[in-house]
Amino acid sequence: MKIRVKINGQDRSFEIDPSEYLLDTLRKNGYMSVKRGCDTGSCGACTVLLDGRPVISCSVLSASVDGHEITTAEGIANQMKEYMHALASEGADQCGFCQPGLLVMIYYLKKMIDKGLIERDKETVRRYLIGNLCRCSGYLPQERAIFRFLGVD
Ligand code: FES
Ligand code: FES
């Protein structure tokens, strides 16, 4: 079957298998920032935005996104340079495998916090990021960078 989507602002159409997951469709078509960590909906490495809201793409059927809008880390990297500088200065980036999914979540949180739709406090941010696992950093350097970027005290 064929689906039409807007990805990172570009209209695309893909031939997919009806049982295919969005993670596979995206990776097959060159969106390699979308990582396969667990493939069971547990790690957050495959997070993308679907119509502006975060989803784990390993758990979304590609057929269900026909006509919708998707944002991957490739599409927002330019707008997230300040965050990436904060990560580097905190020594938070190690293997980097978790980063594209986390980048998408931080981008979403920044928008929501700036609009006043999500509280600007540490516990709230931690709650939103509970599904983004990192096997390297121990979380503390990442947290410092995230709080600094989001202006959370
Ligand atoms: S690969 Fe999708 S949540 Fe881990
Ligand atoms: S830096 Fe390696 S998984 Fe997070």
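Let's start with a contact between two helices. Tyr83, Met84 and Leu87 of H3 meet Gln99, Leu102, Leu103 and Ile106 of H4. By class, that contact has six nonpolar residues, one polar and no charged. Keep in mind that this is a predicted model.

Now the geometry. H3 covers residues 81-89, and its axis lies 11 Å from that of H4. The angle between H3 and H4 is about 125°. The crossing of H3 with H4 is right-handed.

Next, the other partner of H4. Helix H4, residues 99-114, also packs with helix H6, residues 140-150. Here the angle is about 30°, and the axes are 10 Å apart. Angles under 35 degrees count as roughly parallel, so H4 and H6 fall in that class. H4 and H6 also make a right-handed crossing.

Who makes this contact? From H4 come Gln99, Leu102, Ile106, Leu109, Lys110 and Ile113. From H6 come Gln142, Ile146, Phe149 and Leu150. Seven of the residues in the H4 and H6 contact are nonpolar, two are polar and one is charged.

Let's step back to the domains. The domain assignment gives domain 1 as 2-72 and domain 2 as 76-150. Their centres, taken over C-alpha atoms, are 21 Å apart. How many residues of each domain are in contact? Domain 1 brings 16 residues and domain 2 brings 11. The area buried between domain 1 and domain 2 is about 1100 Å². Carbon and sulfur atoms give 70% of that area.

Conventions:
Residues are numbered from 1 along each chain as its sequence is written. Chains are lettered from A and ligands numbered from 1 in the order in which they are written. This is a predicted model: local features need pLDDT of at least 70, side-chain atom pairs count only at pLDDT 80 or more; totals for chains, interfaces and linings use all residues. Side-chain values use heavy atoms; hydrogens and water are left out. Axes are lines fitted to C-alpha atoms, for helices over the stretch in contact, and angles run from 0 to 180 degrees between N-to-C directions. Helices (H or I, at least four residues) and strands (E, at least two) are DSSP runs, numbered from the N terminus. Angles under 35 degrees count as roughly parallel, over 145 as roughly antiparallel, 65 to 115 as roughly perpendicular and the rest as oblique. A crossing is left-handed if the near helix is turned anticlockwise from the far one by less than a right angle, and right-handed if clockwise. Contact means heavy atoms within 4.5 Å. Ala, Val, Leu, Ile, Met, Phe, Trp, Tyr, Cys and Pro count as nonpolar, Asp, Glu, Lys and Arg as charged, and the others, Gly among them, as polar. Domain bounds come from an automatic or database domain assignment. Buried area is the accessible area (1.4 Å probe) that two parts lose on being put together, summed over both.
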